[in-house]
Amino acid sequence: MATIRGVVKDIIHDPGRGAPVAKIQFQNAYRFKRDTELLLATEGMYTGQFIYCGRKATLTCGNVLPLSEVPEGTIVCNVEAKVGDRGSFARGSGSFAVVVTHDEDKGTTRLRLPSGGKKTVSSNVRAQIGVVAGGGRTDKPLLKAGRAYHKYAVKRNCWPKIRGVAKNPVEHPHGGGNHQHIGMPSTVAKDRPAGRKVGLIGARRTGRLRGVKKTAQDKD
């Protein structure tokens, strides 16, 4: 895997996501032309910056390396799940994963994901160094319905969300009745048909979480 160099031409806003994307120009290895690729912008990336992709690339924000070349404790983002899938984990604005350990015998690497869970992936998968840009986006409240409307208008039809018990029986399994009540267990099996599969799907437990919360770090 040869190391190739690209230059950040522009950092642009993507209306469908919270993080900005970087327009990076690479020299084509086979023809006299330039290839323009879009990568997730990492914090500290700037226009005119050189980005290196490959095994010999340095540990600088924005560079792309295989996880086998990344030391333990490094903060990475846009990590692949399988070799060549171009990024699956830690892609949201401000998110990052941490390289926990390398198992050189098995050729695997253990990551701590933004959710706090641990994940074992192949050491040959690639990752970007650093934190995804656009962090702290959710700190500011939306304050009014108009802002929420425009936020989700560019994403997908998922707002406003109407409760099932507020609907009519023809529209939702929880609808109807003289008082707003579910009238059936809120848990539902994983193999129920599409129209009935509402509520707590395949729940192992329900109710309030009591006691001290165990994080993924405490378990290991």
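**The loop between strand 6 and strand 7**

Reply: Start with Arg 86, which is exposed because its relative accessible area is 59%, over the 50% cut-off. The model is predicted. Arg 86 sits in the loop between strand 6 and strand 7. Its phi is near 70°, a positive value in a residue other than glycine. In general, most residues other than glycine have a negative phi.

Asn 78 lies in the loop between strand 6 and strand 7 too. Asn 78 is not a glycine, yet it has a positive phi of about 50°. Is Asn 78 buried or exposed? Asn 78 is buried, because its relative accessible area is 11%, under the 20% limit.

Now take Gly 87. It is found in the loop between strand 6, residues 75–77, and strand 7, residues 97–103. Gly 87 has a relative accessible area of 13%, so it counts as buried. Which residues does Gly 87 contact, once neighbours within four places in sequence are left aside? They are Asn 78, Val 79 and Glu 80. Asn 78, with its positive phi, is therefore one of the contacts of buried Gly 87. Leu 200 is 113 residues away along the chain, and the C-alpha atoms of Gly 87 and Leu 200 are separated by 30 Å.

Another backbone feature sits in another loop. A cis peptide bond joins Trp 159 and Pro 160, with omega about -5°. Most peptide bonds are trans. Pro 160 lies in the loop between helix 1, residues 145–153, and strand 11, residues 187–188.

For a view from inside a strand, turn to Thr 109. Thr 109 lies in strand 8, which covers residues 108–112. Its relative accessibility is 0%, so Thr 109 counts as buried. What does the side chain of Thr 109 make with the side chain of His 102? It makes a polar contact, at 3.0 Å. The side chain of Ser 123 is a polar partner of the Thr 109 side chain as well, at 2.8 Å. Residues up to four places away in sequence are not counted in the next list. Thr 109 touches Leu 67, Val 99, Thr 101 and His 102, among others. Lys 119, Thr 120, Val 121, Ser 122 and Ser 123 are also touched by Thr 109.

Now step back to the whole chain. It has two helices and 12 strands. From the N terminus, the elements run β-β-β-β-β-β-β-β-β-β-α-β-β-α. The radius of gyration is 23 Å, whereas a compact globule of 220 residues would have one near 17 Å. Along the principal axes, the C-alpha atoms fill a box of roughly 70 × 45 × 35 Å.

Buried residues make up 28% of the 220 residues. Asn 78, Gly 87 and Thr 109 are among them. Of the contacts with a separation of 6 or more, 47% come from residues 24 or more positions apart. The chain exposes about 14,800 Å², and carbon and sulfur atoms supply 51% of that area. There are 39 positive and 17 negative charges, and their mean positions are 9 Å apart.

Arg 86 is exposed, whereas Asn 78 is buried. Both residues have a positive phi.

Note on methods. Residues are numbered from 1 along each chain as its sequence is written. This is a predicted model: local features need pLDDT of at least 70, side-chain atom pairs count only at pLDDT 80 or more; totals for chains, interfaces and linings use all residues. Side-chain values use heavy atoms; hydrogens and water are left out. Helices (H or I, at least four residues) and strands (E, at least two) are DSSP runs, numbered from the N terminus. The radius of gyration is taken over C-alpha atoms; the globule rule is 2.2 Å times the number of residues to the power 0.38. Buried means under 20% relative accessible area, exposed over 50%, partly exposed in between (1.4 Å probe, protein chains only). Contact means heavy atoms within 4.5 Å. Accessible areas come from the Shrake-Rupley method with a 1.4 Å probe; for residues, only the protein chains shown count as cover. Lys and Arg count as positive and Asp and Glu as negative; His and the chain ends are not counted. The place of a charge is taken as NZ of Lys, CZ of Arg, CG of Asp or CD of Glu. A polar contact is a pair of N or O atoms within 3.5 Å; within protein, one must be able to donate a hydrogen and the other to accept it, and residues adjacent in sequence count only if both atoms are side-chain atoms.
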